[in-house]
Amino acid sequence: MGNRFQVKDRFADGAQYIDGQLRSGTSGRSHTVVDPATGDEVLTYELASTADVDEAVAAAKRAFPGWSATTPGERSDALHRLAAVLAEQAEDFAFAESLQCGKPIKLSTEFDVPGTIDNTAFFAGAARHLQGQAAAEYSGDHTSYVRREAIGVVGSIAPWNYPLQMAAWKILPAIAAGNTIVLKPAELTPLTSLMFAQAAKDAGLPDGVINIVTGAGREAGEHLVGHPDVVMTSFTGSTGVGKRVAEIATATVKRLHLELGGKAPFLVFDDADLEAAAHGAVAASLINTGQDCTAATRAYVQRPLHDAFVARVAELMETVRLGDPFAPTTDLGPLVSHVHRDRVAGFVERARAYATVVTGGEIPGGELAEGAYYRPTLISGAAQDSEVVQSEIFGPVLVVLPFDTDDEGIALANDTPYGLAASAWSRDVYRANRATREIKAGCVWVNDHIPIISEMPHGGYKASGFGKDMSAYSFEEYTQVKHVMYDNTAVAAKDWHRTIFGDR
């Protein structure tokens, strides 16, 4: 990396971004961002109070009339400028993302940052293409058409696993549709959300359109969700916290978008390309050190391929290089924190009582001992109802189970509360098509697992939530649909009036 900015200097004024300015929180409590690769302090900042949330919402509310009155073309131009600014600052964004999360720099550089730039460019175009039913005389006596209007101030909460991309997924469709937003990033990883808001100001977006409050979930987060001037909440995180968000939002009849946990099945039929499936399983289970709600976590392999699949995946996992996130050869970085690393390790240690740890299952020593590292782990022999199969581990852990018939494989794939993503591996188009129809998940890949694109929606079934990020479908979340109906007859006493009073 080139000219790495100094984080403490960059955020010397605080980690709240309200009405176009960085400022310090007023909760009286501080939080420290820690480099998970070393345990070193990156930034200590003051957390947001409920009063800070109130000020951010007020700023967004003041900015809403002007921003919502801009034309789609003007909002599009602003987002095109933002995409250009993000591209200019790509190196700084990649550095900050890897520093706060422990992501390998090749992942930040080749996935997180360019993906965010692409999302921004997509929504710049989408801002000019809000769709509705064609104007027509559906009743015969009236002309009807549909307006899509901005809904107001959006209060969103983003997770720590993809701080930059999740901030963009929340912010971009909201502001492209003419809304203003207050975003609460995770306390662990606020840096790139703050940088995104600053980049928007550099691109000429008005103050107050994007505001960032960095505070504790039970204080700042709950106050934001329950705020009477917030008309919509979008939350990405665990299903448990999502239930709490829903309770608070429902009390004030807010529009609600939830993208929650996942336990993605990886379904390998006996005619699959074994080498492709094994490579795909390693990449899909280890992306972002497994801290991905769409990561492959449950590999169901038809019995004729099961043993060979286990052996090949274990062999490939053992080649994965753990190390300094900023080294270009590092494949796997640390987990986001030592607390989370110990949680992941706990799942594996408990599984030893009822399953086989084929490879991994270790906290490395030596040069990596100070970081929150955990080796890629493959488990076999677990029962379908066991903890490692049913619960979201959110780490570099893949569990492999056999199945016999296609019916059984699809049933097992569906046998968790979650339904965010899945994949099916087969050379048989009919088999693959059946899997895409019958697996209950918001995304089903065929002979691949993980790729996402700005033009297509992301969101889940069942306990994985509802609503869509990315794509034109996201405007369903962030716009109010209004039916407008004009009388065309100029008749005072209309025929339908007789159903209420009088005769023909």
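Residues are numbered from 1 along each chain as its sequence is written, and side-chain values rest on heavy atoms, with hydrogens and water left out. Because the model is predicted, local features need pLDDT of at least 70 and side-chain atom pairs count only at pLDDT 80 or more, whereas totals for chains, interfaces and linings use all residues.

Helices (H or I, at least four residues) and strands (E, at least two) are DSSP runs, numbered from the N terminus. Helix 7 comprises 12 residues, 191–202, and at 1.5 Å a residue it should span 16 Å, which agrees with the 17 Å that separates its end C-alpha atoms; the expected span is 1.5 Å times one less than the number of residues. This helix is mostly covered, with 10 of its 12 residues buried, where buried means under 20% relative accessible area, exposed over 50%, and partly exposed in between (1.4 Å probe, protein chains only). Among the buried residues of helix 7 are Leu 191, Leu 194, Met 195 and Phe 196, together with Gln 198. Gly 204, which follows helix 7, has a positive phi, near 95°.

An open sheet of mixed pairing is formed by seven strands in the order 13-14-15-12-11-17-18, two strands being paired if DSSP finds at least two bridges between them. Strand 13 (356–359) and strand 18 (443–446) are the edge strands, each pairing on one side only. On average, neighbouring strands of this sheet are turned by 25° against each other, direction ignored; the axes are lines fitted to C-alpha atoms, for helices over the stretch in contact, and angles run from 0 to 180 degrees between N-to-C directions. Strand 12 (residues 296–302) pairs in the parallel sense with strand 15 (residues 397–403) over five bridges, and Val 301 has Pro 402 of strand 15 as its bridge partner.

The largest pocket holds about 1,100 Å³ of space, and of its 45 lining residues the closest to the centre are Pro 159, Trp 160, Thr 236, Gly 237 and Ser 238. Elements that give two or more residues to this lining include helix 6 (163–176), strand 9 (230–236) and helix 9 (239–251). The second largest pocket holds about 400 Å³; 20 residues line this pocket, and Leu 107, Ala 283, Ile 287, Asn 288 and Asp 331 are the closest to its centre. Helix 10 gives the most to the lining of the second largest pocket, with five residues.

Four cavities of 30 Å³ or more are present in the structure. The largest cavity, of about 70 Å³, is lined by 16 residues, of which Pro 265, Arg 298, Tyr 418, Gly 419 and Ala 421 are the closest to its centre. Strand 11 (264–268), strand 16 (418–419) and strand 17 (421–425) each give two or more residues to the lining of the largest cavity. The second largest cavity, of about 50 Å³, takes the largest share of its lining, three residues, from helix 7; Ala 197, Ala 200 and Lys 201 are among its lining residues, as are Tyr 17 and Leu 205.

Definitions and conventions:
1 Å grid on protein atoms, 1.4 Å probe; cavity = no way out; pocket = protein on both sides within 12 Å on 5 of 7 lines; lining within 4 Å. Points joined across faces, edges and corners; volume = space filled by probe spheres on them.
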